[in-house]
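Here's a quick walk through one protein model, one region at a time. Have the structure open as you read.

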Amino acid sequence: MAIEIRDVNKSFGEAAVLKDVSVDVASGSLTALLGPSGGGKSTLLRVIAGLERPDSGQVVISGKDATRLPPQRRGVGFVFQHYAAFKHLTVFENVAFGLKIRKRPKAEIKKRVEELLELVHLDQFAARYPAQLSGGQRQRMALARALAVNPDVLLLDEPFGALDAQVRKELRTWLRRLHDEVHVTTVFVTHDQEEAIEVADTIVVLADGVVQQAGAPADIYDNPASPFVMRFLGPVTEIGGRLLRPHDVVISSEPGPGTRPAVITRVVRLGFETRVEFQVREPGGPGEAAEPVKEYPAWAQMTRESAGRLSAKAGAEVHVRPSVQAATVPAS
């Protein structure tokens with residue numbers, strides 16, 4: 001079920017949280033709303049869900065204007081960061097809750113809940129209570145509960161934000177596999193760039209209430225629309241007044257076209273990668289009134305083999321440049 005957000009504005013008092021936001025979410029896709037805290041991500045998700053009404057603009061779900069529809073008539077499932085589990089109900093009863101209040105037949109409820117618990121790998125925990133589950137298991141239960149009523153759209157507000165790093169990695173891989181099985185249109189909020197790049201089909205970068213860029217993860221990473229997007233989507237360094245990815249820095253022992261002299265200050269080996277830090281020297285202009293040589297720090301990400309061939313070590317004089325295929329944007 002496709003979602004169309006058209007020119008949505010939302011303010012709380014004098015604070016404008018969403019400013020003329022327009023976003024298209026393709027049917028059956030998994031879309032990440034990515035950005036810093038306070039950028040408007042969760043507010044936009046709540047506008048889609050009907051939990052907040054926009055001051056102006058339109059929300060269209062599956063071709064139908066849903067701007068003023070109440071949440072229960074939008075066909076959406078919502079999963080919050082903190083589970084909101086019913087502590088006095090078992091896992092089975094938590095997942096069945098939405099079906100029971102819709103007065104579905106008992107046999108239908110039993111079949112649907114059992115299917116979902118098997119899908120999220122909780123079938124052996126059906127009789128347990130939420131307090132007897134790990135954080136990752138509780139989050140999978142919350143997702144199963146949201147899916148139980150066959151929503152047209154699944155909305156996830158930082159679903160893994162309360163979990164430790166290792167569990168987050170496991171669950172985002174699981175979420176991608178789950179989405180590929182159920183194909184429900186899914187929108188999730190995150191401030192974790194790696195999470196968005198790994199899981200989503202489309203990323204919408206939101207900051208200061210404005211869509212900074214939207215597109216496929218690879219497109220945004222390789223072709224950022226601004227310095228902000230480039231910095232937010234991954235590590236950057238600066239050479240010659242332009243930002244680029246550290247893995248796109250070429251270091252050589254001899255000068256060449258487009259290179260700048262540099263001195264290595266530190267070499268850090270991180271598993272199969274090596275981080276080479278250096279001071280770039282920008283020569284001043286010609287003549288008596290020439291500007292003094294400018295020095296500034298930068299760094300490159302290299303394989304262990306490349307660093308070994310270079311014999312990279314602190315104090316070595318080298319020459320650096322962006323690679324031919326490097327995506328760059330002005331530093332400011």
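## A hairpin and its neighbour

Let's start at a turn. Keep in mind that this is a predicted model. Strands β14 and β15 form a hairpin with two residues between the strands, and Gly 271 in that hairpin takes a positive phi near 65°. The two strands, β14 at residues 260-270 and β15 at residues 273-282, pair in the antiparallel sense over eight bridges.

## Helix α2 and what covers it

Now over to helix α2, which spans residues 91-101. Which of its residues are buried? They are Val 91, Asn 94, Val 95, Ala 96, Gly 98 and Leu 99. The cover over these buried residues includes α3 (106-119) and α4 (135-147). Just after α2 comes another positive phi, this one of about 60° at Lys 103.

## How α2 meets α4

α2 and α4 pack with their axes 7 Å apart and at an angle of about 30°. Angles under 35 degrees count as roughly parallel, so that is the label this pair of helices, α2 and α4, gets. Their crossing is right-handed. On the α2 side, the contact is made by Val 91, Asn 94 and Val 95, while α4 brings Met 141, Ala 144 and Arg 145. Val 91, Asn 94 and Val 95 also turn up among the buried residues of α2.

In soluble globular proteins, nonpolar side chains tend to be buried together. In this model, the largest nonpolar core has 44 residues, and the members that touch the most others are Val 95, Leu 154 and Ile 203. α4 gives the most to this core, with six residues. There is also a second, separate core of 25 residues, with Ile 5, Val 23, Leu 33 and Val 153 among them.

What does Ile 203 touch, leaving out residues up to four places away in sequence? Its contacts are Ala 32, Leu 34, Ala 196, Ile 197, Gln 213, Ala 214, Gly 215, Pro 217 and Ile 220. Val 95, for its part, belongs to the largest core and also takes part in the contact between α2 and α4.

Technical notes:
Residues are numbered from 1 along each chain as its sequence is written. This is a predicted model: local features need pLDDT of at least 70, side-chain atom pairs count only at pLDDT 80 or more; totals for chains, interfaces and linings use all residues. Side-chain values use heavy atoms; hydrogens and water are left out. Two strands pair if DSSP finds at least two bridges between them. Helices (H or I, at least four residues) and strands (E, at least two) are DSSP runs, numbered from the N terminus. Buried means under 20% relative accessible area, exposed over 50%, partly exposed in between (1.4 Å probe, protein chains only). Contact means heavy atoms within 4.5 Å. A nonpolar core is a set of buried Ala, Val, Leu, Ile, Met, Phe, Trp, Tyr and Cys residues joined through side-chain atoms within 4.5 Å. Axes are lines fitted to C-alpha atoms, for helices over the stretch in contact, and angles run from 0 to 180 degrees between N-to-C directions. Angles under 35 degrees count as roughly parallel, over 145 as roughly antiparallel, 65 to 115 as roughly perpendicular and the rest as oblique. A crossing is left-handed if the near helix is turned anticlockwise from the far one by less than a right angle, and right-handed if clockwise.
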